[in-house]
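Here is a friendly walk through one model, with its helix packing, its hairpin and a few residues along the way. Have the viewer open as you read.

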Amino acid sequence: MAGLPALKDILEEYELVDAEDRYRLLIDLGQQLEPMPEALKTEATKVRGCSASVWVYPTERNGRLHFLADSNAAITKGIVALVLSAVQDRPAIEVARLDVAACLAPFDLSKQLSANRTQGVPNMIALVRETAERLADA
């Protein structure tokens, strides 16, 4: 599995295309997420506050955070992939210190997408940060 592209590479492409193609880019990005086993899609892994169903399951590999995630909505799944591309397979201490919202700011998601598509993003970022902080302290 090649994994997700780097956030800066996604942004370069994102800035070159119009609004309609940005949706397509997000959908394509979502399709690049590593498949999440159905058994992990539980209430415990569900992200609160999302209009669509979103599941995030954190793991740790060699001191680096690795997330499995999925959504039942294609655009939302792309946004999930965008968030994960900022943090995937990085050391927990680095992710704990990272301002993920600032990393995503150039994408201006609130301008591109309806409010109900982006309302769960802060909750997902919080879940990523809390996981990173917990593992960084361990």
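## Ground rules

A crossing is called left-handed if the near helix is turned anticlockwise from the far one by less than a right angle, and right-handed if clockwise. Helices (H or I, at least four residues) and strands (E, at least two) are DSSP runs, numbered from the N terminus.

This is a predicted model, where local features need pLDDT of at least 70 and side-chain atom pairs count only at pLDDT 80 or more, while totals for chains, interfaces and linings use all residues. Residues are numbered from 1 along each chain as its sequence is written, and side-chain values use heavy atoms, leaving out hydrogens and water.

## Helix 1 against helix 2

With the handedness rule in mind, look at helix 1 and helix 2: their crossing is right-handed. Axes here are lines fitted to C-alpha atoms, for helices over the stretch in contact, and angles run from 0 to 180 degrees between N-to-C directions.

Which residues meet here? From helix 1 come Ile 10, Glu 13, Tyr 14 and Glu 15, and from helix 2 Arg 22, Leu 25, Leu 26 and Leu 29, where contact means heavy atoms within 4.5 Å. By class, the contact of helix 1 with helix 2 has five nonpolar, no polar and three charged residues. Ala, Val, Leu, Ile, Met, Phe, Trp, Tyr, Cys and Pro count as nonpolar, Asp, Glu, Lys and Arg as charged, and the others, Gly among them, as polar.

## Helix 3 and its two partners

Helix 3 (residues 74-87) and helix 2 have axes that come within 7 Å and cross at roughly 70°, so the two are roughly perpendicular to each other. Helix 2 brings Tyr 23, Leu 26, Ile 27, Leu 29 and Gly 30 to this contact, and the residues from helix 3 include Ala 74, Ile 75 and Lys 77. The contact of helix 2 with helix 3 divides into nine nonpolar, two polar and one charged.

Helix 3 also packs with helix 8, at an angle of about 30° and with the axes 11 Å apart; they are therefore roughly parallel to each other. Ile 79, Val 80, Val 83, Leu 84 and Val 87 of helix 3 meet Val 121, Met 124, Ile 125 and Val 128 of helix 8. This contact of helix 3 with helix 8 has nine nonpolar, no polar and no charged residues.

## The hairpin

Strand 1 (residues 54-61) pairs with strand 2 (residues 64-71) in the antiparallel sense over eight bridges; pairing requires that DSSP finds at least two bridges between the strands. Trp 55 has Asp 70 in strand 2 as its bridge partner. Two residues lie between the strands of this hairpin, and Asn 62 takes a positive phi near 55°.

Strand 2 is largely enclosed by the rest of the structure, because seven of its eight residues are buried (under 20% relative accessible area, with exposed over 50% and partly exposed in between, for a 1.4 Å probe and protein chains only).

Leu 135 lies in helix 8 (residues 121-137) and is partly exposed, with a relative accessible area of 23%. Leaving aside residues up to four places away in sequence, Leu 135 touches Glu 60, Leu 65 and Ala 92.

Note on methods
Parallel < 35°, antiparallel > 145°, perpendicular 65-115°, else oblique.
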